[in-house]
Amino acid sequence: MEKYNPKKIEKKWQAVWQKTGLFKGQDFAKKPKFYCLDMFPYPSGDGLHMGHVENYTGSDIYARYLRMKGKNVLHPMGWDAFGLPAENYAIKRGTHPSITTKKNIAKIRQQIKEMGFSYDWEREINTTDPDYYRWTQWIFLLMFKEGLACEDFAPINWCPSCKTGLANEEVVDGRCERCGALVKKKKLKQWLLKITAYADRLLADLKDLDWPENVKVMQENWIGRSEGSEIIFKGIAPSGEKIDLPVFTTRADTLFGATYMVLAPEHPAVKKLVDPKYKTKVQRYINQAINKTDTERTSLERKKTGIFIGAMAENPINGQKIPIWISDYVLLSYGTGAIMAVPAHDTRDFEFAQKFNLPIIEVVSPTGRPCRHLKEAYIGEGKLINSGQFNGLNSRQAAKKITQFLAKKGLARFTVCYKLRDWIFARQRYWGEPIPLVFCPRCKNLIEKSQFSLSKLKKTKSTELKIQDFVFNLGELLNPGWIAVPEEDLPVKLPEVERYQPTGTGESPLAAVKKWVNTRCPKCGGPAKRETNTMPQWAGSCWYFLRYVDPQNNQKIFDEKKIKYWLPVDLYIGGVEHAVLHLLYARFWIKFLYDKKVVPFKEPFIKLVNQGLILGPDGQKMSKSRGNVVNPDNLIQKYGADAVRLYIMFIGPFEEIKVWDEKGIEGVVRFLKRVWNLGLEIINLKVKISSPEEFPNPLREIVETEVKRMLHQTIKRVTEDIETFHFNTAIAALMEYINYLFEAKQKVTIQEAPEMWRENFEYLLLLLAPFAPHIAEELWQRLGFTESIFVHRWPVFNPKLIQEENVTLVVQVNGKVRDEILVPRGISEKKAKEIVKESAKVQKYLADKKIKKLIYVKDKLINFVVE
Ligand code: ANZ
Ligand code: ZN
């Protein structure tokens, strides 16, 4: 018999599917639409890794399943090709990133095609294509014109190895998310996108999303909303002048316990307050602190450092004078950059007070009585003590009352703080979208001389202002000199350069391309210079899922009708590592585009599923340096794509961590061979349809019903398991089913009942098709079907047919058999008792008798012991 040979069939079907356009999403089709999206890969030089294979196999099963369920499925693929990973790879190779990127894309595309994924390739996009990034720039300008992009000179995260600034989201435990180098602080000119303006909505709308709980929690924590109070302390300068020092606290109830204040070292008030005698020492401390990253500064393990600045502050609640310190554990960028320190009730303050011998006053007690010797901060809530008129109140009431009390004097207010910072949106690197702005000194002059004011502009409800002959948008007014490139001049193309390596000076390599940099101001025509920073790698992925619906449109970003038909994304599958990067940024852009009426929905991804990490055979994270990376190419070569697909789904639950074990793949291959062999047996049977009379077989009827029941149970299991992403158990069900068929074949041969066998086998193929599409399609068409198996409808199970079978229960009274009754399998003792008592034969022996004891052996026997 012909052997199962995936090499022979897989390529063939991939070509046929492609040619017949089987997986095209049909714009505006009447069928219900389903947008099934994968996180698109960046084209790394190492090609596809197992995480991709897992991700894309899962979504492919789902997409193929939904098509068979009658949905119009959009399932596209593209390349996230700008950014650090692609560029770092090119630098290492010494080859221009535009070349390596093209090569890497070609390689990954081929690997993906070899896996037989059902993408609609006509919709392929590439974020480095000028026809694509034209629209990335267009969205950026939309934000700029709304005043959501601002130039800033604050110290930012700087990766000394990648030689670029990084967003906070790209710094993980103080290290560069890409290369792992320790991140430093560096003062640089930056573009910020005001994601903080959307903090509340990004938080509130999480509740409507069908996302894994842990991802929602990560976003929640990242946004970090804190309700509290701002309370104004008065700092006393050496001159005697009093300076307002607002603090942010979530525990206004502890105000009487504030025994000192701490300002962030870079706090602007420090200069005014510092006692001249302390100046040199203070300056030395400040210089040290500003080079440290926020993570380093706030790390709980680090020993606290700090210094008294020689000035006192007044506590507004009781006028008490307390010393003012500076310490790097207070961050300038959070709250007000200053805190009231309450060592009795805050762990960090406690440690600090102990180290520097500062007083500790207990003001909250769980019992309402003071605890004489505090060994650590009591951070819980309780009753107020040592707090004047507020004694006896519980913490929450007290926080409210104290804030209200001070608010009357204008010394406090309720407020909300966020951990979320604005998105640092400029990279000093070559391989990214150019930021479509130019700097014009003449326009800068015009704007600055005009003395325009934002509040006046707001009153006119306009975001534009005419100054002399020129109309400036809000972005231009807020960033004097920066002029938006007109829409019709987009894209601002990335110039071809020979030197693309980062300079490390804080300037992008583009700055050296004088011919490109020097240009004319689109507004006044004067000499101007282009912005030379590029966008971060996350820009292109903020909106790529919109472009898939209309990838070739060269008039508009997309056709609104297509967006309305396909979006939002119904299912998004990808790795959990994007929980606060890509997924937060994309939500932000969509909310902005919604506000601008560019898209008609507020959230891009309705349902999110994260595939679980696949560990190397050694149980460690797969990495090149560990040498435990499994290469999909070799596996496809050796076993075929269907086997790889099945295996990677079979090793464990889709959403959980799994360990790679190549031995398991043999089992999957055995399964495919059994399917193949059974199929050929059925297909090759050349006899005419036989009648039951021809082969009298007493088992035939029983086997037929049993096989049918098993089939319908399998349909139910596989369907439900696909719906819930339990692909591993779906495959297990298919394996059990085929084993069952092989057993049944011993009882009733294919020759004896060719019709039954054929029918059952057709169902098996339909159920197998989403998982192992090539073998299913091959056998399907060999069975004589002329249309693809994927246009055939998904089987529906008949609930009547899978009902649990009945068993015969032997009924005894005092050990004597009185009846045998058919009952559903597995019923409880109580239920059995009820059913059995109905029997007249049994009733006779039980009438008026008291039951002393009941013995029940499930599915077998019930024995009443009566007096
Ligand atoms: C007094 C106090 C007493 C505080 C107490 C806590 C416990 P979350 O919940 O994270 O918002 N804080 C405020 N601004 C800070 C800054 N810029 N750098 C470092 N720490 C800062 O934390 C709010 C609390 O963190 C605030 O409440 C403040 O300490 C501190 F028993 O104020 B608390
Ligand atoms: Zn100008």
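Which side chain has an N or O atom 2.5 Å from an oxygen atom of ligand 1? Select Ser226: the N or O atom is in its side chain.

Before going on, note that this is a predicted model, where local features need pLDDT of at least 70, side-chain atom pairs count only at pLDDT 80 or more, and totals for chains, interfaces and linings use all residues. Residues are numbered from 1 along each chain as its sequence is written, chains are lettered from A and ligands numbered from 1 in the order in which they are written, and side-chain values use heavy atoms, leaving out hydrogens and water.

Stay on ligand 1 and pick Lys419, where a polar side-chain atom sits 2.6 Å from a ligand oxygen atom. Then click Arg348: here a polar side-chain atom is 3.5 Å from a nitrogen atom of the ligand. The protein covers 86% of the 640 Å² of accessible area (Shrake-Rupley, 1.4 Å probe) that ligand 1 has on its own.

Now show the whole shell, meaning residues with a heavy atom within 4 Å. There are 17 residues around ligand 1, and Ser226, Thr249, Leu331, Tyr334 and Lys419 come nearest. Colour by class and you get 8 nonpolar, 5 polar and 4 charged residues. Strands (DSSP E runs of at least two residues) S13 (242-249) and S17 (338-341) each give at least two residues to this shell.

Next stop: an open sheet of 3 strands, ordered S7-S6-S10 with antiparallel pairing (at least two DSSP bridges per pair). S7 (164-166) and S10 (184-187) are its edge strands. Select S6 (155-159), which pairs with S10 over 4 bridges. Finish on Asn157, whose bridge partner in S10 is Lys185.

Terms used:
Polar contact = N/O pair within 3.5 Å; in protein donor to acceptor, adjacent residues only side chain to side chain. Nonpolar A, V, L, I, M, F, W, Y, C, P; charged D, E, K, R; others polar.
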